[in-house]
Amino acid sequence: MSGKDQSVVSKEALMSTKSGKQIIKQGLFKSKGFRLFNQYKEEAEKQFPNFADRFTDDLLREIKSDPSPNSTQKEFALEVGSTEIILQESEINPIKSKLENRDVLKDRVLRILNSNFVKMTFPVFNALYDASADYSGTTMVI
């Protein structure tokens, strides 16, 4: 779970940095910090599949319930200050109908989640997602 590229967390990579050496030292001595790290790592490994399903289902619900995807993407563009990734209105419905298939959407979600950044920061990413869902009132109970 620490990352899809295991060379990032290999002994050789860890030995090349001061903090990496500290992690190895803590692991050798089974320090409280290392035990806590392992606890969160194992917890994240168990939660990841459920998170992917929950993220897919919440996203699917939002896609299906959006009465005006074109307006939604325009609001998004204003919010982020860029129209670079905005689709033409004629492109929206074919893409929306593809993404309304849960299997297709889950494949896309898993591709996004299968990054070193997301995997290495999963507990934080999970917390941000939960906070966003709470804030928007879209919390899904599993």
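Modeller: A salt bridge here is a side-chain nitrogen of Lys or Arg within 4 Å of a carboxyl oxygen of Asp or Glu. By that rule, D58 and R61 form one, at 3.3 Å from N to O. Keep in mind that this is a predicted model. D58 and R61 both sit in helix α3, 3 residues apart, so about one helical turn separates them. Their surroundings can be read from accessibility. Because buried means under 20% relative accessible area, D58 counts as buried at 5%. R61 is partly exposed, at 36%.

The structure holds 5 salt bridges. Next comes R102. R102 pairs with D53, and the closest N and O atoms are 3.4 Å apart. R102 lies in helix α6 (residues 102-113) and D53 in helix α3 (residues 32-65), so this pair ties together parts that are 49 residues apart in sequence. R102 counts as partly exposed, with 28% relative accessibility. D53 is partly exposed as well, at 26%.

R102 also meets the side chain of D57 in a salt bridge, at 2.6 Å from N to O. D57 has 24% relative accessibility and counts as partly exposed.

Now put the pieces together. D53, D57 and R102 join K106 in a network of salt bridges. The D58 and R61 pair, by contrast, stays within helix α3.

Technical notes: Residues numbered from 1 in each chain as written. Predicted model: local features only at pLDDT ≥ 70, side-chain atom pairs only at ≥ 80, totals over all residues. Heavy atoms only, no water. Helix = DSSP H or I, 4+ residues; strand = E, 2+ residues; numbered from the N terminus. Buried < 20%, exposed > 50% of the residue type's maximum accessible area, 1.4 Å probe, protein only.
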